[in-house]
Amino acid sequence: MKPDTVRPDALRLDAMGAVSSTPFTAEALTGTVVSIKANYYSVQLEGMAEEALPQISSGEKPVLLCIRRGLLKKLGQQIMVGDRVTVEEPDWQGGRGAIAAIHPRRTFLDRPPVANVDQVLLVFAIAEPDLDTHQLSRFLLKAESTGLSITLCLNKCDLVTEEIAHQWQDRLAGWGYTPLMVSIRDDFELPKRLLTALQGKITVLAGPSGVGKSSLTNRLIPAQNLRVSAVSGKLSRGRHTTRHVELYELPNGGFLADTPGFNQPDIVTTAEALGDLFPEIHQRLTDKSCQFSNCLHRDEPGCAVRGAWERYEHYLLLLEEVIKQQQALLHKGEAEATEKVKMLEDGKILHEPRLEAKKYRRTSRKTRNQAFQELCLDLSEVSDLEDLEDLEDLGR
Ligand code: GDP
Ligand code: ZN
């Protein structure tokens, strides 16, 4: 389903710069992409009066369902959730618009794909489920690998004694963290405390299942805001995939990113960079340096990191894991570079040595023809609805 592209005449006049009775269409509109479904982008507009969209109820912010301008598509510019964008030609009645430009990104998270994220809010439970320190450590390392600031919340403190809560606090202080000890169930001041920390920022919510993330989201965000980005069923394709991301607006401003993809704490880094993800190692290296600049902190002489700190064993285990990953990648790369893999008619795989490196080979006539045909195919996409709209704009 493509959005209705017929715009009321009044809006067409606005787009041409005519004096308008509504103050909203005369200037460029800016907003944040809060969700993407198929080729439709829900953009929550900034600084807009509620009356801009007549069908929304009081307290809700205007969200326009937008397409991407053909020019952005031709330039290969992908729009991400979290992007600040310029919206053109709003159709207030239909709640539609078109994204004409993407503002420069402050930050960029690859997996899950979110732009302009400021911080990670990591939630773990102190009990039910039991706190698994290896799992917590992996989530922390993954969060550290984003380079964003991290707030760690230990939830369900109502289930343990104060003494146990303090023990955990001390233990995690040793890891370099100061967790917020909370009970989402019992602490009614919590939303106030947290909202201040989240105000005006895009925060990624992470943590394993069962720790209270949904409970927290429901407490922080009024139901109407949760509803805002829920676009109709037809557009909800891909909703449950791990790459699906949705932003929810917080009452004091700022957004919470609901990202199932972040909850698979795979550590993708190099052996040399692994140490940077441990605050304990950081601390040790600010006080003292290792004798060798490329020290991996195993059994090298003059290492300032090796020692009896809690997560050192964990560091060594992860180091092995990362080295294995790197070796597997290297092996794969070498195999691809020196071998050609052929599937024979009987289904057997044949490995043949590559005769020459790809870059030195002259492209054959067949390859050139194929490339030409692909180009023609690309050009034929101009008949696409979005591009037609651009042509329409030019004709006006
Ligand atoms: P999610 O999977 O991380 O989204 O976790 P949920 O929000 O669904 O919560 C999992 C369970 O923990 C639910 O039964 C909640 O009622 C419960 N829960 C959430 N917060 C608290 C808390 O502070 N204390 C206790 N005792 N239970 C909680
Ligand atoms: Zn070292």
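1. In which loop does A38 lie? A38 is in the loop between β1 and β2. This is a predicted model, and every value below is computed from it. Phi of A38 is near 50 degrees, which is a positive value in a residue other than glycine.

2. The turn belongs to a hairpin formed by β1 and β2, with 2 residues between the strands. Strand β1 covers residues 29-37 and is joined to β2 by 6 bridges, the two strands running antiparallel. One of the pairings involves K37, whose bridge partner in β2 is Y40.

3. Is β2 enclosed or open to the outside? Of the 6 residues of β2, 6 are buried, so the strand is largely enclosed by the rest of the structure. The cover extends to both faces: Y40, S42 and Q44 are buried on one side, and Y41, V43 and L45 are buried on the other.

4. What does the side chain of Q44 contact? The side chain of E249 is its partner in a polar contact of 2.9 Å.

5. On to the next strand. Strand β3 (residues 63-68) is joined to β2 by 4 bridges, and the two run antiparallel. Within this pairing, Y41 has C66 in β3 as its bridge partner, and S42 stands opposite L65 in β3.

6. β3 is also covered. 6 of the 6 residues of β3 are buried, so this strand is largely enclosed by the rest of the structure. V63, L65 and I67 point one way from the strand, while L64, C66 and R68 point the other way; all are buried. The list includes a charged residue, R68.

7. In which direction does β3 run relative to β5, parallel or antiparallel? The two strands run parallel, and 4 bridges join β3 to β5, which spans residues 96-102. L65 stands opposite R96 in β5.

8. A cis peptide bond joins E128 and P129, with omega of about 5 degrees. P129 is found in the loop between β8 (119-125) and α3 (133-145). H297 has a positive phi of about 60 degrees although it is not a glycine. H297 lies in the loop between α9 (279-287) and α10 (312-338).

9. Which residues are closest to ligand 1? They are D158, G210, K213, S214 and S215, in a shell of 15 residues that surround the ligand. By class, this shell has 4 nonpolar, 7 polar and 4 charged residues. Helix α6 (residues 213-220) gives the most to the shell, with 3 residues.

10. A polar side-chain atom of N155 lies 3.0 Å from an oxygen atom of the ligand. Polar backbone atoms take part as well: one of V211 is 3.3 Å from a ligand oxygen, and one of G212 is 2.9 Å from a ligand oxygen. On its own, ligand 1 has 580 Å² of accessible area, and the protein covers 69% of this.

11. Some totals for the chain close the note. There are 12 helices and 15 strands. Of the 396 residues, 41% count as buried. Among contacts between residues at least 6 apart in sequence, 66% join residues at least 24 apart. The chain exposes about 22400 Å², and carbon and sulfur atoms supply 53% of that area.

Terms used. Residues numbered from 1 in each chain as written. Chains lettered and ligands numbered in written order. Predicted model: local features only at pLDDT ≥ 70, side-chain atom pairs only at ≥ 80, totals over all residues. Heavy atoms only, no water. Near = heavy atom within 4 Å. Polar contact = N/O pair within 3.5 Å; in protein donor to acceptor, adjacent residues only side chain to side chain. Areas by Shrake-Rupley, 256 points an atom, 1.4 Å probe, with all protein chains shown as cover. Buried < 20%, exposed > 50% of the residue type's maximum accessible area, 1.4 Å probe, protein only. Pairing = 2+ DSSP bridges. Contact = heavy atoms within 4.5 Å.
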